[in-house]
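Hi,

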Amino acid sequence: MQEWSDPERVAEYLSREIPTREIAETMLLQALPPRIDRFLDLGTGDGRLVSLLRSATHLDAEVVGLDSSEPMLARARRRFAGDTGVEFRLHNLRDPLPTDGPFDAIVSGLAIHHLEDDRKQMLFAEIRSLLSPDGVFANLDLVKAPTLELHERFRREIGRSEDDPADRLADLCDQLDWLRNAGFADADCHFKWLQLTLMVGTAT
């Protein structure tokens, strides 16, 4: 989207705070394989998840981060300047993923909910095809609230007066079904606080 080329829009988006996000990110790390030699971050933004994984137990993992926003990628590249094990590429998740797997893990943080539902389903299948055996996909994202009242509560909790026009929120149960249809037999919700949700599946 054109808006992600706007540095002010990017700065505003990155400044948002979501309660319990750090708890969810800790659970994301716990869901990943104990050994990761190579992982892919979809919608990497400023490299937040890459930093978390690299500073946890995966210090030497090779990383590929994809994002459609040059301002986001500029921030990520500054964060990892001089780190030859991290590569950031310009890529729109609306387009098919580059076929340069396999990866031991594929992660995403607050990105896939910007895609239309049919693209989400295709993306899940592409992710499954790029994972190593027993590789893990962990998606920390926003899902559709079951009622307008809960949606408005979530919006209040994160300090937003109106919906983000880039959001294309989908039902959690639908997305778990899409993951299973893509080949993640154990797809499950590992964390949920209102609309903030961690979905995890293993390539078996």
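Let's start with Asp-41, which sits in strand 1 (residues 38–42); helices (H or I, at least four residues) and strands (E, at least two) are DSSP runs, numbered from the N terminus. Before going on, two points on the source: this is a predicted model, where local features need pLDDT of at least 70, side-chain atom pairs count only at pLDDT 80 or more, and totals for chains, interfaces and linings use all residues. Residues are numbered from 1 along each chain as its sequence is written, and side-chain values use heavy atoms, with hydrogens and water left out.

Asp-41 is buried yet has no salt bridge, and the nearest side chain of opposite charge, Arg-79, is 8.4 Å away. On the terms: buried means under 20% relative accessible area, exposed over 50%, and partly exposed in between (1.4 Å probe, protein chains only). A salt bridge needs a side-chain nitrogen of Lys or Arg within 4 Å of a carboxyl oxygen of Asp or Glu. For charge, Lys and Arg count as positive and Asp and Glu as negative, while His and the chain ends are not counted.

What Asp-41 does have is a side-chain to side-chain polar contact with Thr-44, at 2.7 Å. (A polar contact is a pair of N or O atoms within 3.5 Å; within protein, one must be able to donate a hydrogen and the other to accept it, and residues adjacent in sequence count only if both atoms are side-chain atoms.) Not counting residues up to four places away in sequence, Asp-41 also touches Leu-49, Val-50, Val-64, Gly-65, Leu-66, Val-107 and Ser-108, where contact means heavy atoms within 4.5 Å.

Asp-67, in strand 2 (residues 62–67), is another one to look at. Asp-67 is buried with no salt bridge, and Arg-77, the nearest side chain of opposite charge, is 9.7 Å away. Leaving aside neighbours within four places in sequence, the contacts of Asp-67 include Thr-44, Arg-89 and His-91.

**Salt bridges**

How many salt bridges does a search of the whole structure find? The count is 16. In one of them, Glu-62 pairs with Arg-38, the closest N and O atoms being 3.2 Å apart. That pair links distant parts of the chain, with Glu-62 in strand 2 and Arg-38 in strand 1, 24 residues apart. Glu-62 is partly exposed at 39% relative accessibility, whereas Arg-38 is buried at 16%. Both belong to a salt-bridge network of Arg-38, Glu-62, Glu-87, Arg-89 and Asp-100.

Arg-168 and Glu-116 also meet in a salt bridge (3.0 Å, N to O). Arg-168 is in the loop between helix 6 (148–157) and helix 7 (172–181) and Glu-116 in the loop between strand 4 and helix 5, so this pair ties together parts that are 52 residues apart in sequence. A local case is Glu-157 with Arg-153, at 3.7 Å between the closest N and O atoms; these residues are 4 apart in helix 6, so about one helical turn separates them.

**Aromatic pairs**

The whole-structure search gives 4 aromatic pairs. Phe-124 and Phe-137 make a tilted one, 5.9 Å centre to centre with 55° between the planes. Phe-124 is in helix 5 (residues 117–130) and Phe-137 in strand 5 (residues 131–142), so the pair ties together parts 13 residues apart in sequence. (Rings of Phe, Tyr and Trp, using its six-membered ring, pair if their centres lie within 6.5 Å; planes under 30 degrees apart count as stacked, over 60 as edge-to-face and the rest as tilted.) Phe-124 is buried at 0% relative accessible area, and Phe-137 is buried at 1%. Ring pairs link Phe-124, Phe-137 and Phe-184 into a cluster.

Cys-173 is in none, and the nearest cysteine sulfur, in Cys-189, is 9.0 Å away. Cys-173 is exposed at 51% relative accessibility, while Cys-189 is partly exposed at 25%.

For the backbone, the peptide bond from Gly-101 to Pro-102 is cis, with omega near 5°. Pro-102 is in the loop between strand 3 (86–90) and strand 4 (103–109). Thr-20 has a positive phi of about 75° without being a glycine, and Leu-110 likewise has a positive phi, near 55°.

Cheers

Definitions and conventions:
Disulfide = S-S within 2.5 Å.
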